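Work through the exercises below with the sequence and the coordinates at hand. Each task is followed by its solution.

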Amino acid sequence: MSPVPGPRLPRRTLLAAAASGAGALALGACTVPPPRRRDPVADPAPGQPIAHTDRSLLLQFLAHPDDDLYFMNPDTRRMLEAGTPVVSVYVTAGEANGVNHAPGHPRPEPDKNAYVSARQQGLRQAYATLLGLPKFTRWTRTVLELRGGKQAELNTLAHGARRADLVFLDISVNSSRERPALPALWADRGMRQRTVVADNSPVKKASSYDYDELVDALTGLLDHYRPTVVQTLDPDPDIQHSTEHVRRKDSEQRGYSDHPDHTAVACFSWAALIRWVAENAEQHRPLPRFTTTAFRGYYNRHWPKNLPPAVLKKKAEPLVEYGGDPDWECGNPAGCGDYSVGQGRPLTNWKGWVRSTNYRYPGPQLVTHEQAGGLFAYGVLGLRLARWRAAPDGTFGAPEDLGGGPLAPVLGQAAPKDGGLLLFALRIAALGGHGGANTREIVQHDGRAWTSLGNPERIADRGRRIGVPVAVTAGDGQIHLFVRNAAKSVSTRLRDARGHWGPWRDLEGPDGDGRGDGDGIQDGLSAVIDGRGLVHLFAAARKTVRHWAQASPGSPVALRDGGHMPAPGDVPRALAYRDGSLGVLYRGPHSADLTAVRPDGTPLPRTSFQGYGPVAAAAGPAGPVLAGRDEHGAVQLRDGKGQLKRYRVVCVGAPTLTRTTGQRPAVVGLGPDAAPWLWRP
């Protein structure tokens, strides 16, 4: 989807100010403006009640059958295997041209209704195996009544504690308009799009959706299932100016690094999430308790691959079952899968989508802060900032709502020299279809009030591409705030020791402007202070890790001569050792091994810490302490002496490394029940 550029974003806008005593906010409303009705507006002030839950449920919004298997695994699989029920909502029918062609077989005649049915059969095969059952296990297939009188097909299968629901809205991807159907439904007033009735479906009659009806249907599904984890595709993909020939080969939209349906469905999904929270507040119900994760899509083609062989093998397995084979006897006359995907073809596809799993908002979902009264964890719950306090036994109490949403799920933090804590978030300032405002901003919470820090990009469409904020306090007391910008480089703001913020400025290169694959950086920045109190920033490029740093106290952060660190497969983590020197830790492409180097590329002693995904690191008296995930998804901790311990718990996003009383290392994470846990080995 190629969004229409919006107005120039303000550099600094006051969002909120502290009211006496209660810290109430005067915050501009963030709505999802519909064309024909007024949406409910959630009260952004803190102190809203948050719903209690004693169970977990994952709901994922997909554009096409197979998006979950390509882009959201292994996360979905880890939760399902641990007993979290999974609900997959497929918005489109994915019928394409209706040709379900198996390589090596005669090309069949187009049959869109049969192709939709065959793809859905492929999903039943894939999820049956994920549940631990034979692939041709019979599912319960019924009609699910949606808001607005719409109907969807519901497939349900359970095996012990594991359960999967597949919900098919079956909106056609084909349109007579100049743009694809779902982007047109998001952008064009008066647009309606019909559904496709799959062969052998319990839904017997086609219907149609307009913009409002689709947001309403998705909101109704959220309210029906009340998930604790919601996974979406990427609402704001990178700018990517490929040639027309390359763009078509990559199946990407003009100007952006993803399929147009992925972007449109992600926007509809986030609009529904915002509407769901607002409805609960308007009806004086407790705010829904959930966390979110958004996944990159065709972005994976453009960057080094981050899954090691063992993890990749497990990720590809359900795609083989989904692809199926025309010779299988699955019991579905319309077909036994999406044949172009079958027989291991995802692993041989040159685009390499399956070989990575990338988050749109990379980083831990919790940050921690030790203060008078104990350890506190902060995270985004129900699109708003929440705070939990840890009890002496390591359990966390009920969440406290701090307002400020709708927020992306990953926070930045910095501790001013005079005490306290500053939290930073990426806020969805507006998200509207039909030409409505669609803007993002960086916001700050100082413990009392919210303040907007604006956006480094001057054009709203470019402002949607910025990353999650990362902040650090220099030795001179100044706070440096960094975000990845639309050019795939870095922008920064500086808060002086008196608390005044300077303007946004762009750091010197590398500039990946989206023309070809360039030399830009990925999101997932890492900032650290060395022994002299100087700021260093690291980011993963395609062939090396880029390094910016101060030359002296108070000097600007600038790009260092680089190219010496080996190629990264995932985001780096910088570590300040006790002697003040720095190390950079990350996994290489396709590798479970940990790369550990100095900023000049000099190797550090080999550190055994096999796994996948980013690593958290802290200095210890006997050596670095590391936290991350092993190749089976379990949380693992390596202490300074090299002893490795594992914790069989599911962590949404990356775990956080912290310290408890007595400076013992501990790991904090957010579970599938949207509640934090604390592990003290």
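**Exercise 1.** Find the residue of β34 that stands opposite Gln636.

Solution. Start with the strands (DSSP runs of E, at least two residues, numbered from the N terminus). β33 covers residues 635-638 and β34 covers residues 644-647. They run antiparallel, joined by four bridges; DSSP must find at least two bridges for a pair. Gln636 faces Arg646. Five residues lie between the strands of this hairpin, and Gly642 has a positive phi near 90°.

The model is predicted: local features need pLDDT of at least 70, side-chain atom pairs count only at pLDDT 80 or more, and totals for chains, interfaces and linings use all residues. Numbering starts from 1 along each chain as its sequence is written, and side-chain values use heavy atoms, without hydrogens and water.

**Exercise 2.** Describe how α5 packs on α7.

Solution. Take the helices first (DSSP runs of H or I, at least four residues). α5 spans residues 211-225 and α7 spans residues 260-282. The angle is about 60°, and the axes are 8 Å apart. Axes are lines fitted to C-alpha atoms over the stretch in contact, with angles from 0 to 180 degrees between N-to-C directions. Contact means heavy atoms within 4.5 Å. Contact residues include Leu218 of α5 and Trp276 of α7.
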